[in-house]
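Below is a briefing on one protein model. It covers overall composition, confidence, the nonpolar cores, and a few helices and loops.

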Amino acid sequence: MPGAAVHAVDPRGGASPPPVAKAEAATAAAAAAGGCEPARKAGAVTMEHVLLALHETEAEREARIREMFAFFDVDGRGQLDYAQIEAGLAALQIPAECKYARELLRACDRDRDGRVGYDDFRRYMDDKELELYRIFQAIDVEHNGCILPEELWDALVKAGIEIDDEELARFVEHVDKDNNGIITFEEWRDFLLLYPNEVTIENIYHHWERVCLVDIGEQAVIPEGISKSVNASKYLIAGGIAGAASRTATAPLDRLKVIMQVQTTRTTVMHSIKDIWSQGGMLAFFRGNGLNVVKVAPESAIRFYAYEMLKEYIMKSKGENKSEVGPSERLVAGGLAGAVAQTAIYPVDLVKTRLQTYSCVDGKVPSLGALSRDILMHEGPRAFYRGLVPSLLGIVPYAGIDLAVYETLKDVSKTYILKDSDPGPLVQLGCGTVSGALGATCVYPLQVIRTRLQAQRANSESAYRGMSDVFWRTLQHEGVSGFYKGILPNLLKVVPAASITYLVYEAMKKNLSLD
């Protein structure tokens, strides 16, 4: 059986290859051993380039692919199904989280009948080897027929991934079968041939992050990767500006939603619009937006760093050999990070809600300082956290629903619409918009309860005594529909908010040289 995926999980010892600082020594050693042989031909990449790089004839390549197909087709039926692919990957000792069995089936199964014949398998191999050769040539900037450690490091840095010498050495060692410190195209192919997703630097790195954990060595280390992006602060700036633009553009819908949420009597969208307009015309629709924009950056920063700290804690608590953070743990870490960020900026959110729902006298709106002092003096410090509990309760369910629906929609689009092509940014945006809207709808009653607690003065005669009091009083006087007041403007702002965020974020990435 060719080493296509065996090598991806093959534990090895021996001396580590040299890091970037010793790349020249690696190049010299490889050249002395004949490891680097220029194999680049002019013109567009064809199978002839692949054969030349692999030092194979067409007949030898055909025999290799048939041998690989036969390895999976243990029954000799001439067709592969999911069970055979799953069993074949298991026989290669690839752990479950790295198998991509279902994705591999989809990538090979052109006619969507759940079975893969040799012709389908051969077409997948042709396409994959051409794809791997293209990115191999893109990384091999010296065009000497191999990837040197410093070339791999440069490619990772350009993709926004910071990696130190030790991690780079482990990466090269994992792919480098003969331990000569360089990566030939054959070794590159063996590492990624059964990886069915699009081959980008980011995907290759994350694939290595996963498979390297099964190495039997002194320590199992999670590479820091994107979490140590050299451009982390720039990404935060881009995200902050995108969020500010998005919130400003949808501010009228946000205020309309809040006004409707606090209404305990029957109300309509048009009645609420007229009420807001009467308080100051068009500018009245943007009341509170300044605070909404101001809290974007600190909220994002707190959530980002809390998430990284929680991931690190989870990795350490699982021990040396159990340090991979799975989907459920990422969900918990993300939910807790969201809770930390929400708690930290919650007073700002409460003041924003009070400002949006403030009843004007002669059209005068109090300043933020005056409103904050009034809350502190008459209601006490605890008033700034009214409604925090329902807000926190909605974080994990929302994140769970959002994630589950997003992944489902992405898989469906990949299978039935894109015909196994990887979803592009616009498809991902669409999936994220739908999943976010559904998640927000499911936890919307908690939003209504939170807003009502935030908007009401704690020392008023009819003040709610807590979350349960809001629930029962709303249910008794307004019915179930009371928990969904304002949901229409809330849903209406989802698409423009997501679209504006995406467009501004992409524009900022270009301006900040993040592309």
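Of the 515 residues of the protein chain, 47% count as buried, where buried means under 20% relative accessible area, exposed means over 50%, and partly exposed lies in between (1.4 Å probe, protein chains only). This is a predicted model, in which local features need pLDDT of at least 70 and side-chain atom pairs count only at pLDDT 80 or more, while totals for chains, interfaces and linings use all residues. Residues are numbered from 1 along each chain as its sequence is written, and side-chain values use heavy atoms, with hydrogens and water left out.

**Overall composition**
- The protein chain holds 24 helices and 4 strands; these are DSSP runs numbered from the N terminus, with helices being H or I of at least four residues and strands E of at least two.
- The accessible surface of the protein chain is about 24800 Å², and carbon and sulfur atoms make up 59% of that; the areas come from the Shrake-Rupley method with a 1.4 Å probe, and for residues only the protein chains shown count as cover.
- Among contacts in the protein chain with a separation of 6 or more, 72% join residues 24 or more positions apart; a contact means heavy atoms within 4.5 Å.

**Confidence**
- The average pLDDT of the protein chain is 79, and 80% of the residues score at least 70; pLDDT is the predictor's confidence in each residue, from 0 to 100.
- Residues 1-34 have pLDDT below 50, and this stretch has 72 contacts in the model beyond near neighbours in sequence.
- Residues 212-230 also have pLDDT below 50, with 47 contacts in the model beyond near neighbours in sequence.

**Nonpolar cores**
- The largest nonpolar core has 53 residues, and Phe121, Phe171, Phe185 and Trp188 have the most contacts inside it; such a core is a set of buried Ala, Val, Leu, Ile, Met, Phe, Trp, Tyr and Cys residues joined through side-chain atoms within 4.5 Å.
- Helix α6 (residues 118-139) gives the most to this core, with 10 residues.
- Another core lies apart from it and has 10 residues, among them Leu291, Leu355, Phe384 and Leu388.
- Leaving aside neighbours within four places in sequence, Phe121 contacts Ile65, Met68, Phe69, Leu80, Cys108 and Val116.

**Annotated spans**
- An unreviewed UniProt entry places the feature "domain: EF-hand" at residues 60-95, 127-162 and 163-198; positions follow the numbering used here, feature names are shortened, and annotations may be inferred rather than shown by experiment.
- Residues 127-162 are 64% helix and 6% strand, with end C-alpha atoms 30 Å apart.
- Residues 163-198 are 53% helix and 6% strand, and their end C-alpha atoms lie 22 Å apart.

- Helix α21 (residues 444-455) has 12 residues and reaches 17 Å from its first C-alpha to its last, close to the 16 Å expected at 1.5 Å a residue; the expected span is 1.5 Å times one less than the number of residues.
- Helix α21 is largely enclosed by the rest of the structure, because 10 of its 12 residues are buried.
- Among the buried residues of α21 are Tyr444 and Gln447.
- Lys257, in helix α12 (residues 251-261), is buried, with a relative accessible area of 7%.
- Beyond neighbours within four places in sequence, the contacts of Lys257 are Tyr444, Gln447, Gly486, Pro489, Asn490 and Lys493.

**Positive phi at two histidines**
- His55 has a phi near 55 degrees, a positive value in a residue other than glycine.
- His55 sits in the loop between α2 (47-54) and α3 (58-72) and counts as exposed at 55% relative accessibility.
- His143 has a positive phi near 55 degrees and lies in the loop between α6 and β3 (146-147).
- His143 is partly exposed, with a relative accessible area of 33%.
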